[in-house]
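Hello,

Here is the structure I promised to pass on to you. Have a look at it first, and then read on for what turned up in it.

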Amino acid sequence: MKPLKLGVLGSGRGSNFVSIQEAILAGTLNATIEVVISDKPEAPILEHARKFGLAAEALPVSKFKTKLEPEIEEKLVSILKAHDVEWVVLAGYMRVVKAPLLDAYPNRIINIHPSLLPKFKGLEAWKQALEAGESKAGCTVHYVNAGVDEGEIIAQSEVPVLPGDTAESLHARIQVAEHQLFPAVLRKLSGAS
Ligand code: GRF
């Protein structure tokens, strides 16, 4: 099997990106990260990528908060194509994906979301779960479509909500699960059994 050629998009810390790159380096995931791209020039994910010796690029600054101007999203697509990316991995990417990217990578964009979808779409999903009094929370890897956190679910991982949990402690527990689930899903997509 040929390695999956990944492009990772992220806006923040990049801990999911690191878990994927570490799986690749450990030889448990047959993939390569061809480029890491952020909408935030100062995002730690870009620093992590450079430390791993990977291509890391920031997009031009957008005037919007939750989406990109079509021309900036076109630029994003051209960076992905220039790096021969086959699968786009959203790892803490805080923008709604629009037509330029959706059309360029049909059924080839996946996202990780910190809830057991379809529950708790949108921002700070772990906080929503805590406030709703749920006894379990978790994370979901899903295909990305034009809706927000709505594409077909690929896999989920559950964690308990424990007495005394804060938003931070619950999110930290969910992230531990994310760091297992995301590489595991990519392993499946790479054709490994
Ligand atoms: C994760 O909780 C992910 O589920 C959400 O954003 C967070 C990104 O974390 N979409 P990181 O940047 O990978 O550390």
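This is a predicted model: local features need pLDDT of at least 70, side-chain atom pairs count only at pLDDT 80 or more; totals for chains, interfaces and linings use all residues.

A polar contact here is a pair of N or O atoms within 3.5 Å; within protein, one must be able to donate a hydrogen and the other to accept it, and residues adjacent in sequence count only if both atoms are side-chain atoms. Residues are numbered from 1 along each chain as its sequence is written, and side-chain values use heavy atoms, with hydrogens and water left out.

The backbone takes part as well: a polar backbone atom of Gly 14 is 2.8 Å from an oxygen atom of the ligand, and for Arg 13 a backbone N or O atom lies 3.4 Å from a ligand oxygen. On its own the ligand exposes 370 Å², of which the protein buries 89% (accessible areas by the Shrake-Rupley method with a 1.4 Å probe; for residues, only the protein chains shown count as cover).

Which elements give two or more residues to the shell around the ligand? They are α1 (15-25), β5 (109-113) and α6 (167-189), where helices (H or I, at least four residues) and strands (E, at least two) are DSSP runs numbered from the N terminus. The largest share, three residues, comes from α6.

Phe 17 and Phe 52 have ring centres 5.8 Å apart and planes at 85°, so the pair is edge-to-face. It links distant parts of the chain, 35 residues apart: Phe 17 is in helix α1, and Phe 52 is in the loop between α2 (44-51) and β3 (56-58).

Two backbone details are worth a look too. The peptide bond from Leu 117 to Pro 118 is cis, with omega near 15°, and Pro 118 is placed in the loop between β5 and α5 (125-131). Asp 84 has a positive phi of about 60°, although it is not a glycine; Asp 84 is found in the loop between α3 (70-82) and β4 (87-90).

Best wishes

Notes
Rings of Phe, Tyr and Trp (its six-membered ring) pair if their centres lie within 6.5 Å; planes under 30 degrees apart count as stacked, over 60 as edge-to-face and the rest as tilted.
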